[in-house]
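Let's work through a few helix and pocket exercises together. Keep the structure open as you go, and try each task before reading its solution.

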Amino acid sequence: VVDLVRLDALESYIRGLMAANAEHKHRLFTQAARLDERFSQPCFQLGRLQFSAKNYRAAAGWFERVPRGSLHYLEAAYYLALCRYQLAEYDKTISLLEEVAAALPLNEVWNNLGAAQSRRNLPAAVDSFLKAHEGDPNDPVYLFNLGYALWKNGRYDEAADEFRAALDRKPDD
């Protein structure tokens, strides 16, 4: 089944993509979203604009309008999770990132999942940070986060090893 999009909504969306400044983009994407509520691509773009401006609550509202099965769903879910994290809604963040990680097990996703789990003092943060670290063993941020999660879990010797490794990779930190 192909969902048809109103032509005027598509035109506003395309003009929004070509617009030179954020204010003009916002106006055109909003117009496209109003013209056809089923057209999720302008909602995704509006979410990105609001996220860039650090308007996390507004961004979350737009990202929530991107349905499963949409071209941008996983990316919208990832950004929605980051918004939820900024709004200290860690359980929602965890749920969203677990869904994204199941489909796209990227280092950044595992790292952010670990950060949300760590905020909730969940031991699973160690596993998430470990997966991020395994994906890029040279990233000092992943090493530090893994060390911090180990430290929070009372695994001090292992934590010290990770902190040393992070300092080896970024001595001026």
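The model is predicted, so local features need pLDDT of at least 70 and side-chain atom pairs count only at pLDDT 80 or more, while totals for chains, interfaces and linings use all residues. Residues are numbered from 1 along each chain as its sequence is written, and side-chain values use heavy atoms, with hydrogens and water left out.

**Exercise 1.** Work out how the axes of helix H1 (residues 7-18) and helix H2 (residues 22-35) cross.

*Solution.* 
- Start with the terms: helices are DSSP runs of H or I with at least four residues, numbered from the N terminus. Axes are lines fitted to C-alpha atoms over the stretch in contact, with angles from 0 to 180 degrees between N-to-C directions.
- Next, the geometry: the H1 and H2 axes come within 8 Å and cross at roughly 160 degrees.
- Angles under 35 degrees count as roughly parallel and those over 145 as roughly antiparallel, with 65 to 115 roughly perpendicular and the rest oblique. H1 and H2 are therefore roughly antiparallel.
- Then the residues: Asp8, Ala9, Ser12, Tyr13, Arg15, Gly16 and Leu17 of H1 meet Lys25, Leu28, Phe29, Gln31, Ala32 and Leu35 of H2, where contact means heavy atoms within 4.5 Å.

**Exercise 2.** Which residues make the contact between H7 and H9?

*Solution.* 
- Now list the partners: H7 brings Asn107, Glu108, Asn111 and Ser118, and H9 brings Val141, Tyr142, Asn145, Tyr148 and Lys152.
- Sort them by class: three are nonpolar, four polar and two charged. Here Ala, Val, Leu, Ile, Met, Phe, Trp, Tyr, Cys and Pro count as nonpolar, Asp, Glu, Lys and Arg as charged, and the others, Gly among them, as polar.

**Exercise 3.** Find what lines the largest pocket.

*Solution.* 
- List the lining: Pro140, Val141, Phe144, Phe163, Ala166, Leu167, Lys170 and Asp173. On a 1 Å grid over the protein atoms alone, a pocket is an open set of points where a 1.4 Å probe fits, with protein on both sides within 12 Å along at least five of seven lines, and lining residues have an atom within 4 Å of a point.
- Assign the helices: H9 (140-152) and H10 (156-169) each supply at least two lining residues.
- Finish with the classes: six lining residues are nonpolar, none polar and two charged.
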